[in-house]
Structures are given as C-alpha cells and as structure tokens.
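These are my notebook entries on a structure that I am reading for the first time. I begin with a term that the later entries rely on.

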Amino acid sequence: MEVLRRWLILLSMVLMIMQRGEGQLLENFYANSCPNLESIVRQEVSTKFTQTFVTIPATLRLFFHDCFVEGCDASVLISSSSGDAEKDAKDNLSLAGDGFDTVIKAKQAVETQCPGVVSCADILALAAREVVVLAGGPTWEVELGRRDGLISQTSRVTGNLPQPEFNLDQLNTLFARNNLTQLDMIALSGAHTLGFSHCDRFSSRIYSSPIDPTLDSSYAQQLMDACPQNVDPSIAINMDPETPRTFDNVYYQNIIGGKGLFSSDQVLNTDPDSEPTVSDFATNPGNFNAAFITAMRKLGRVGVKTGNEGEIRIDCTTFNS
C-alpha cells in the first residue's frame, strides 16, 4: 500500500507539472468571449506590414525571445523606467521596435472590442503566425488561453537564449530545457530565412585568422564588404542572402553551401547528427513546413500561465498593478 501511495503521489506531481508547463490551451479559447479576435489581429498585423517589412522578422523573433525567458507570457513587452526589464537585457537590445509596435497596436484594437479579455501573450502568439503567412509561409491553428506574466527582469535573460557561436550540444541542451527536440530546434532555426543581424554577432567568423573555414569564401568576402572592421554598430545585413523576404527552405540550402550567417547555423550542416535533417529540409519544403508548424505549436506551450496565474494586461508594456 505504501508503494502504491507513493506512486500515486508521484503521478499526481507529474500531472501537475505537465499541466503547469502546457496549461489548458485551446484553439477556440475565445470563441465566445472574443469571437473576432483572429481577424482583428490579422488586420492589424497586415496594416503594420504595409508600413514596413521589418514587421515580419521582428514579430517572429519577439515571440521566440519571449517564450525562452519566463515562458510565453509577454514578459518581454514590459517597459521599465529603470532599464531593468527583460527587454533591456543585452541579448534583447537588438529586438526591433516594429515587433513591439505590432503587438501593442493589435492589443489596442482588440481592447476596443473585447476589453480586458485577451492576453498580450496570446496576441503575440497570433501575430507570430500571421507574419509567417504574410512572408509566404504555412499557417496553423494557434492554441490560446495564455495569461500575461508578472515578472520581467534583465537578470532572468542570461543563459536562456541561444548564442550565435553555440555548437549542436549547446543548442540541444537549451532547447531541451523548453521541451523542444533537436528536430524542433532545426525547424525553428529555419526562421533565419527572414530578418537581419548586426555585424558584431558574426564578425569573429570573418576577422579571425584564419577566416572560419566552414564559410563559403565568396560569402565571407560579401560579409566583409558589408561589415568592414569598426563598422557602425547599427549596420545590419540579411540573414538569408538569397531570399531574405520570403519564408522558405532556402536557409537550409544556404548552410549546405557554406552560407550560414552564424556558426550556430552552419553547425547544423557540419555536425553529422543534424546534417540529415538539414539535407531533408533543403530538398523537401513540405517536410520543413510541417516540422516548423509542430515546433511553433510546441514553442507556444513553453512555461505558459493559465487559469488564475498571471493577469490579463490592459497595456502590454506595464503590469496592471
């Protein structure tokens, strides 16, 4: 009986952990309380996109950075007058303002029809889906029901985001902490088919001696031309040199050709454990899209707050109280 009792306690704890980690997210969570939610967000994201293409990579990256720190709870959106919020951390300073603006504007539009109902975290998750679609990528059903977090601190960011020099083991370790597999990690890395990077994030690859041998020589020269030494730190270049404004599988073709911008991109092809997946995604866009959808849905469950946890922020940039 004692063994059975302990087993039941352990099972209960496991179920509680699973419940807390993924919560009770539902695709139709707002079906009654805010039935027009998705169309509202879609319209606002589309409007922002017509103003600047940066909307797409900025919003997608914002979602990833949010979920990997404190979970998908919109903690990255909080502003602090003392400069100690999550967004103020070094790894988040390069998050483009257009991503924040996209979510803030969508939230304001939602508030006019469904005041105090929809979390900023859910709006960010929906906006991330919309920008992928606008860039020509796949669509998927977004699970909803997240609540907004109550913690946003610079100190919480350190060690929780992938770095451009990570090797495969380091990438897998970080993603595994968020219940994401190597396949998920490689699929999510495909988001680097969009967006840009500042030169200092990869300069060590082109200004070391010798130049990183995994880089295609012509691509290395292209990077040096775009990013000379002592370049203005605000200068940024496309992460995908071939189709930077289209969500596609060309990212994987690029790294096979030695055109991965970060060493953490290139290692996916040079490491024999991940190379077969890269090769598959490079030649089978349907496989990549399917894996990306699965990974995005799993990413959206990371550390979510549901039920009575957290709050529904009125203003995405400040806690309610």
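Entry 1, a term. I call a residue buried when its relative accessible area is under 20%, and exposed when that area is over 50%. I also note at the start that this is a predicted model.

The sulfur atoms of C67 and C72 are 2.0 Å apart, and the two residues form a disulfide. I looked up the torsion about this S-S bond and found about 120 degrees, so the link is right-handed.

How many disulfides does the structure hold? I found four. One of them joins C34 to C114, with an S to S distance of 2.1 Å. C34 lies in the loop between α1 (2-22) and α2, and C114 lies in the loop between α4 and α5, so the pair ties together parts that are 80 residues apart in sequence. The torsion about the S-S bond of C34 and C114 is about 80 degrees, and therefore I recorded this disulfide as right-handed. Both cysteines are buried.

I then turned to C199 and C227, which are joined by a disulfide with S to S 2.0 Å. C199 is in the loop between β1 (196-198) and α8 (203-206), while C227 is in the loop between α9 (217-226) and β2 (236-238); the pair links distant parts of the chain, 28 residues apart. With -65 degrees about its S-S bond, this link is left-handed. C199 is buried at 5% relative accessibility, and C227 is buried at 2%. With the bonded cysteines numbered in sequence order, I noted the pairing as 1-4, 2-3, 5-8, 6-7.

Where does UniProt place the feature "active site"? The record, an unreviewed entry, places it at H65. I located H65 in helix α3 (residues 55-68). Is H65 buried or exposed? Its relative accessible area is 8%, so I count H65 as buried. Beyond its neighbours within four places in sequence, H65 is in contact with E86, D91, N92, L95 and L161.

For "binding site", UniProt (unreviewed entry) lists D66, V69, G71, D73, S75 and E86. They are spread over 21 residues of sequence, yet they cluster in space, with a largest C-alpha distance of 12.1 Å. I examined two of these residues further.

S75 lies in the loop between α3 and α4, and S75 is buried at 0% relative accessibility. A polar contact of 2.7 Å joins the side chains of S75 and D73. The contacts of S75 beyond four places in sequence include D66, E86 and R313.

E86 also lies in the loop between α3 and α4, and E86 is buried at 0% relative accessibility. Among its contacts beyond four places in sequence are H65, D66, V69 and S75.

I compared the length of α4 (residues 97-113) with expectation: at 1.5 Å a residue, its 17 residues should span 24 Å, and the end C-alpha atoms are 25 Å apart, which agrees. Its buried residues include G99, F100, V103 and A106. Among the elements that cover the buried residues of α4, I found α2 (37-51), α3 and α5 (120-134).

Terms used
Residues are numbered from 1 along each chain as its sequence is written. This is a predicted model: local features need pLDDT of at least 70, side-chain atom pairs count only at pLDDT 80 or more; totals for chains, interfaces and linings use all residues. Side-chain values use heavy atoms; hydrogens and water are left out. UniProt positions are given in the numbering used here, feature names are shortened, and annotations may be inferred rather than shown by experiment. Helices (H or I, at least four residues) and strands (E, at least two) are DSSP runs, numbered from the N terminus. Buried means under 20% relative accessible area, exposed over 50%, partly exposed in between (1.4 Å probe, protein chains only). Contact means heavy atoms within 4.5 Å. The expected span of a helix is 1.5 Å times one less than its number of residues. A disulfide is a pair of cysteine sulfur atoms within 2.5 Å. A polar contact is a pair of N or O atoms within 3.5 Å; within protein, one must be able to donate a hydrogen and the other to accept it, and residues adjacent in sequence count only if both atoms are side-chain atoms.
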